[in-house]
Amino acid sequence: MRVLGVDPGLTRCGVGVVEGVAGRPLTMLGVGVVRTPPDAELGHRLVAIERGIEEWLDAHRPEFVAVERVFSQHNVRTVMGTAQASAVAMLCASRRGIPVALHTPSEVKAAVTGTGRADKAQVGAMVTRLLRLDAPPKPADAADALALAICHIWRAPAINRLQQAQAAAGAARGARSPRTPVVPVRKVPR
């Protein structure tokens, strides 16, 4: 499975591609950051992010795109920019028919480090170890993108099994209690 992880941001949008399957060693195929100037107009920044993500999609042809789920922060401006960059990443993938998965920061940290409260340094250290790199990817946005891809590779099989079990349970419920046809009631004259 080849996954493009995206750590969305307006100034620095981390991107990283990881290939592998759960339970086996993973391979990093690329890591980087799509940057936009903070003083540029918002529309131009979003177009620059789109172009950058499109280049990564063209170069690496991922089967899935994993994007960090935007969560509430104290700074509304920051969360808005993150949400906008996230939407661009989802749009680029969806336009190509590539499935998109959203993972929360605590989900990603727990998957990679074992705790949902890990700090950036711990995430970077574990990404370095898991991908057998010489040093943690810089900046932290790049390491976070790789962590998203790793999280998705490890969690996707379990998520698929859960969805299949839910679908089977729904089908079984439907088979056990078929819908009773509605029969009109007629009055019989006495």
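The legends below describe views of a predicted model of a protein chain.

**View 1. Overall fold and extent of the protein chain.** The protein chain contains 5 helices and 5 strands, which follow one another from the N terminus in the order β-β-β-α-β-α-β-α-α-α. Its radius of gyration is 22 Å, well over the 16 Å that the globule rule gives for 190 residues, and the chain is therefore more spread out than a compact globule. Along the principal axes, the C-alpha trace spans about 90 × 45 × 35 Å.

**View 2. The largest nonpolar core.** This core has 19 residues, and those with the most contacts inside it are Leu4, Val6, Ile49, Ile53, Leu57 and Val65. Two or more residues each are given to the core by strand E1 (2-7), strand E2 (12-19), helix H1 (42-60), strand E4 (64-68) and helix H2 (76-95), with H2 providing the largest share, 5 residues.

View 3. Once neighbours within four places in sequence are left aside, Leu4 is in contact with Val15, Gly16, Val17, Trp56, Leu57, Pro62, Phe64, Val65 and Ala66. Another core, of 17 residues, lies apart from the largest one and includes Ala118, Val127, Leu148 and Cys151.

**View 4. Burial, surface and charge.** Of the 190 residues in the protein chain, 36% are buried, while the chain exposes about 11,300 Å², of which carbon and sulfur atoms supply 56%. The chain carries 25 positive and 15 negative charges, whose mean positions are 15 Å apart. Among contacts between residues at least 6 apart in sequence, 63% join residues at least 24 apart.

Technical notes: Residues are numbered from 1 along each chain as its sequence is written. This is a predicted model: local features need pLDDT of at least 70, side-chain atom pairs count only at pLDDT 80 or more; totals for chains, interfaces and linings use all residues. Side-chain values use heavy atoms; hydrogens and water are left out. Helices (H or I, at least four residues) and strands (E, at least two) are DSSP runs, numbered from the N terminus. The radius of gyration is taken over C-alpha atoms; the globule rule is 2.2 Å times the number of residues to the power 0.38. Buried means under 20% relative accessible area, exposed over 50%, partly exposed in between (1.4 Å probe, protein chains only). Contact means heavy atoms within 4.5 Å. Accessible areas come from the Shrake-Rupley method with a 1.4 Å probe; for residues, only the protein chains shown count as cover. Lys and Arg count as positive and Asp and Glu as negative; His and the chain ends are not counted. The place of a charge is taken as NZ of Lys, CZ of Arg, CG of Asp or CD of Glu. A nonpolar core is a set of buried Ala, Val, Leu, Ile, Met, Phe, Trp, Tyr and Cys residues joined through side-chain atoms within 4.5 Å.
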